[in-house]
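Visitor: Please show me the model, and let us go through the terms used to describe it.

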Amino acid sequence: MPSPGTTPHHSTSPTPTTSGPAATPTPATRAPRGTPRATTTPPPRRSAAPLDRPPARPARTPWTLHADRLVLRAVTFHGTVTVSTAAGARRALKFTVRSLEALGLGLTAGKGDAAIRLRTGPTTTSTLKGDGGKGVVTLYVSALSGTVTALGGTPLPGNRPVTITPDAVPAWLTPAGPARTITFADATVTPLAQYGGNLAFTGLRLDS
């Protein structure tokens, strides 16, 4: 009871005021120790083909060779190279062969209406044989397509129709591998240049 003549005093605790719900701090999330960090691996760069220097600069005029059957005898693939042509630097497949045989040869030089087309008989075989001390022909090729029918005595690939370019080289065509004979049916070759060898053909005529 309070004493007479005194005024009761009530002691109260101040009530905190807030303008909204209190923000709860978010702890920083750390990866457990030993967890590898995610990294971004850049795509592999395509290696530049080494520069090759043929005896003479390849001509600017494009040409193609077609054969019902194309036989490359004692052929060695030397990989993809860069060749300086009259139209600028070009990547090419480099081959050396002892001889080349084309059954039903067709040659096209130029493009469009200005193209010149030559053709031998369908049963005629044209040959390109190496000469000189090494007895080889050197070929620089932009593309070679056809159906593989013989692969130097080794098993034929699963995909026999092939198109070989500097960006698409089949596994069975190994650079600097052993020389062997490779045969294609319905073959088309887009050469950049050919050096060495003597070409022999009969019955060549203008194909209208």
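**Pockets, cavity and salt bridges**

Guide: Nineteen is the count to start with: 19 residues line the largest pocket, and W63, L65, L100, L128 and Q194 lie nearest its centre. The elements that give two or more residues to this lining are β2 (63-85), β4 (99-103), β7 (125-129), β8 (137-151) and β10 (180-195). This is a predicted model, in which local features need pLDDT of at least 70 and side-chain atom pairs count only at pLDDT 80 or more, while totals for chains, interfaces and linings use all residues. Residues are numbered from 1 along each chain as its sequence is written, and side-chain values use heavy atoms, with hydrogens and water left out.

Visitor: What makes a space a pocket, and what makes it a cavity?

Guide: On a 1 Å grid over the protein atoms alone, a cavity is a set of points where a 1.4 Å probe fits but cannot get out. A pocket is an open set with protein on both sides within 12 Å along at least five of seven lines, and lining residues have an atom within 4 Å of a point. Grid points are joined across faces, edges and corners, and a volume is the space filled by probe spheres set on the points. The largest pocket has a volume of about 300 Å³, and the second largest pocket holds about 150 Å³.

Visitor: How many cavities of 30 Å³ or more are there?

Guide: The count comes to one. The largest cavity has about 40 Å³ of space. Its lining consists of L72, F95, L144, I164, W172, L173, I182 and F184.

Visitor: Which element gives the most to each pocket lining?

Guide: For the largest pocket β2 gives the most, with four residues. For the second largest pocket β10 gives the most, with three residues.

Visitor: How do you know what counts as an element?

Guide: Helices (H or I, at least four residues) and strands (E, at least two) are DSSP runs, numbered from the N terminus. The protein has zero helices and twelve strands.

Visitor: Why is L139 called buried?

Guide: Buried means under 20% relative accessible area, exposed over 50%, and partly exposed in between (1.4 Å probe, protein chains only). L139 has a relative accessible area of 12%, so L139 is buried. L139 is in strand β8. The C-alpha atoms of L139 and A193 are separated by 6.1 Å, though the two are 54 residues apart along the chain. In the protein as a whole, buried residues make up 33% of the 208 residues.

Visitor: What makes D52 and K94 a salt bridge?

Guide: A salt bridge is a side-chain nitrogen of Lys or Arg within 4 Å of a carboxyl oxygen of Asp or Glu. The N to O distance between D52 and K94 is 3.0 Å, and their side chains meet in a salt bridge. D52 lies in strand β1 (residues 51-52) and K94 in strand β3 (residues 88-97), so the pair ties together parts that are 42 residues apart in sequence. Both D52 and K94 are buried. The whole structure has four salt bridges.

Visitor: How do you know that D167 and R91 pair, and why is D167 called exposed?

Guide: Their closest N and O atoms are 2.8 Å apart, and D167 forms a salt bridge with R91. The pair links D167, in the loop between β9 (161-164) and β10, with R91 in strand β3, 76 residues apart. D167 has 55% relative accessibility, so D167 counts as exposed. R91, with a relative accessible area of 26%, is partly exposed.
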